[in-house]
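Here are my notes for your first read of this protein. Please keep the structure open and check each point as you go.

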Amino acid sequence: MVLASRGIKALEGAGLALPLTLLNPLAGSCRHLANGTMRFNDYPSEPGFQTFGTSRNALVGYLQESLLLGRYPKLKTHFGYELVSLGEKKNIATFRAFANSNIQGMKEELVEVKYDFLVGADGANSAVRSQIFHLEERNPHSSNKQEPLKMDIQHNVQNFKSLYIGPLVARKSFLHPYHDRVQGWSSLNLLFVGMADGSFWGGSFHQDLVSATTSLEVEQKLRQHAPEVLELLLEENPNFAEDFVKQPPISSGSAIILSRFHHDNILLIGDAAHAMFPTYGTGCNAALEDCLIFNKLLDDFLSSGPVGKVPFDEVAAEFTRRRRADAHVIVNLNTTKELFPRNFLGLMQMQLLTTLHKWAPRFFKLRSFNQLWSDMPFTEIKLLKSMEDRFFYGILFGLGFLVPSGILFMLGVRNSSSLNLKPTF
Ligand SMILES: Cc1cc2nc3c(=O)[nH]c(=O)nc-3n(C[C@H](O)[C@H](O)[C@H](O)COP(=O)(O)OP(=O)(O)OC[C@H]3O[C@@H](n4cnc5c(N)ncnc54)[C@H](O)[C@@H]3O)c2cc1C
């Protein structure tokens, strides 16, 4: 995944400085076109803009290790438990020990846990979110007489399968010189991100490729659109095509807009609160940013309230207030793709704004699209985009009005002067 400034800042807020062995600095992207040429796009290198390729598994491993290293002596972690319900009995969550539940005939082991505060960070299909809806349906007036919780959900029809090229093969390949760029093949909706160990992780959203049922089909598709990539994948794993067919496709997510992220002393964060399409690679960065905001809120409440007492209902409600507008904006921007439309006008606008920024950085900020790699609030990015649109379409409108008016004016002058000069007999 691509980890950017807002994610890094959140990790720093938790006192973590990610080791360089986890981070591959990214200079930009590189699109491989059908005619064999490449098109480069640079990420901003100004202070405050950071973009890294990082392995999810390595990042999760590092976070887990940091948690367990004893900085938090009261912390306990439990794995292998799945939340199944939040009970009528106040503040009781029931978990299933799913390690046992698959064995036929074996009684499911259910564990009840009492909580003071519950944070649902359980992803786009959040069970905590479903349970909040159940709780509110059963007792509509429970949540401090708020508006009923509402959810808009849009499913992404695209599925995704992963691809991997290990460090040994990658280092001697044609991809290696561009290891610091996200590499894309539009014709196959395929991309690779370089990792710090020299490998490339990536995948494809191309429906024909992802739904191929034979290894022959997989090889044909890749040979047709990216033959050089197929060679590398086969060098990495001679059974690559068979394994690719067997790999279960994963959903590329949903776009979820929730009217609030809390219910009493239960809070939703990350994809559970605001899942988004992976268009701009912002979901995880936004989820990490949620943690920073939540942490700040806890600090604020702890420093202003009675010692040792945290009013969790208020913290949760305040989180919704601080985060809702930004979360809704980034979910929508990933769905509409409006920050960087790849049509003729979109590309023209990008070119113009990039050039103007290079010439006069004091007057023309970095484009709204690039601001995704900073920690600028998403609502401000949206505002910047509206200003850019007004500026660009204003110029187009001006040119569209002025040029024809100018031509008409010139024609008028010519006609009238030729009329005046015409000799009369
Ligand atoms: C193809 C693809 C590429 C992406 N690339 C990027 C990128 O480059 N950069 C980026 O920022 N984002 C990216 N994203 C988005 C990113 O993956 C998500 O936004 C991010 O993982 C959300 O984190 P989360 O912790 O909220 O949820 P998740 O990562 O979904 O984690 C939820 C966790 O909850 C657990 N869980 C689920 N149900 C229960 C239950 N009932 N009880 C207990 N535990 C449960 C799950 O096992 C899981 O461990 C991408 C997404 C996709 C699909």
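**Notes on the fold**

1. Start with the contacts. Among contacts in the protein with a separation of 6 or more, 68% join residues 24 or more positions apart. Keep in mind that this is a predicted model.

2. Next, the overall make-up. The protein has 14 helices and 18 strands. Its C-alpha trace spans about 110 × 60 × 40 Å along the principal axes. There are 425 residues, and 40% of them count as buried.

3. Look at residues 391–413. UniProt, in an unreviewed entry, gives this stretch the feature "transmembrane region". In the model, the chain there is 100% helix and 0% strand.

4. Now find helix 11 (residues 283–304) and helix 12 (residues 312–336). Their axes are 10 Å apart, and the packing angle is about 130 degrees. Angles of 65 to 115 degrees count as roughly perpendicular, and those over 145 as roughly antiparallel. Helix 11 and helix 12 are therefore oblique to each other. Their crossing is right-handed.

5. Which residues of helix 11 and helix 12 meet? On the helix 11 side they are Ala-286, Glu-289, Asp-290, Ile-293, Phe-294, Lys-296, Leu-297, Leu-298, Asp-300 and Phe-301. On the helix 12 side they are Glu-314, Val-315, Glu-318, Phe-319, Arg-322 and Arg-323. By class, this contact has eight nonpolar and eight charged residues, with no polar ones.

6. Compare your view of that pair with helix 7 (residues 215–225) and helix 8 (residues 227–236). Here the axes are 5 Å apart and the angle is about 135 degrees. Helix 7 and helix 8 are therefore oblique to each other. Helix 7 contributes Glu-219, Leu-222, Arg-223 and His-225 to the contact. Helix 8 contributes Pro-227, Leu-230, Glu-231, Leu-233 and Leu-234. The contact of helix 7 with helix 8 divides into five nonpolar, one polar and three charged residues.

7. Two backbone angles deserve a check. Most residues other than glycine have a negative phi. Asn-91 has a positive phi, near 65 degrees, and is not a glycine. Asn-91 sits in the loop between strand 6 (81–86) and strand 7 (92–97). Is Asn-91 buried or exposed? Its relative accessible area is 16%. The cut-off for buried is under 20%, so Asn-91 is buried.

8. Asp-264 is the other residue to check. Its phi is positive too, at about 45 degrees, although Asp-264 is not a glycine. Where is Asp-264 found? It is in the loop between strand 17 (262–263) and strand 18 (266–268). Its relative accessibility is 8%, so Asp-264 counts as buried.

9. Finish at His-179. This residue lies in the loop between helix 5 (167–171) and strand 12 (181–185). With a relative accessible area of 11%, His-179 is buried. What does His-179 touch, leaving out residues up to four places away in sequence? Its partners are Asn-24, Leu-26, Gly-194, Met-195, Gly-198, Ser-199 and Phe-200. Then locate Gly-53. His-179 and Gly-53 are 126 residues apart in sequence, and their C-alpha atoms are 9.7 Å apart in space.

Conventions
Residues are numbered from 1 along each chain as its sequence is written. This is a predicted model: local features need pLDDT of at least 70, side-chain atom pairs count only at pLDDT 80 or more; totals for chains, interfaces and linings use all residues. Side-chain values use heavy atoms; hydrogens and water are left out. Axes are lines fitted to C-alpha atoms, for helices over the stretch in contact, and angles run from 0 to 180 degrees between N-to-C directions. Helices (H or I, at least four residues) and strands (E, at least two) are DSSP runs, numbered from the N terminus. Angles under 35 degrees count as roughly parallel, over 145 as roughly antiparallel, 65 to 115 as roughly perpendicular and the rest as oblique. A crossing is left-handed if the near helix is turned anticlockwise from the far one by less than a right angle, and right-handed if clockwise. Contact means heavy atoms within 4.5 Å. Ala, Val, Leu, Ile, Met, Phe, Trp, Tyr, Cys and Pro count as nonpolar, Asp, Glu, Lys and Arg as charged, and the others, Gly among them, as polar. Buried means under 20% relative accessible area, exposed over 50%, partly exposed in between (1.4 Å probe, protein chains only). UniProt positions are given in the numbering used here, feature names are shortened, and annotations may be inferred rather than shown by experiment.
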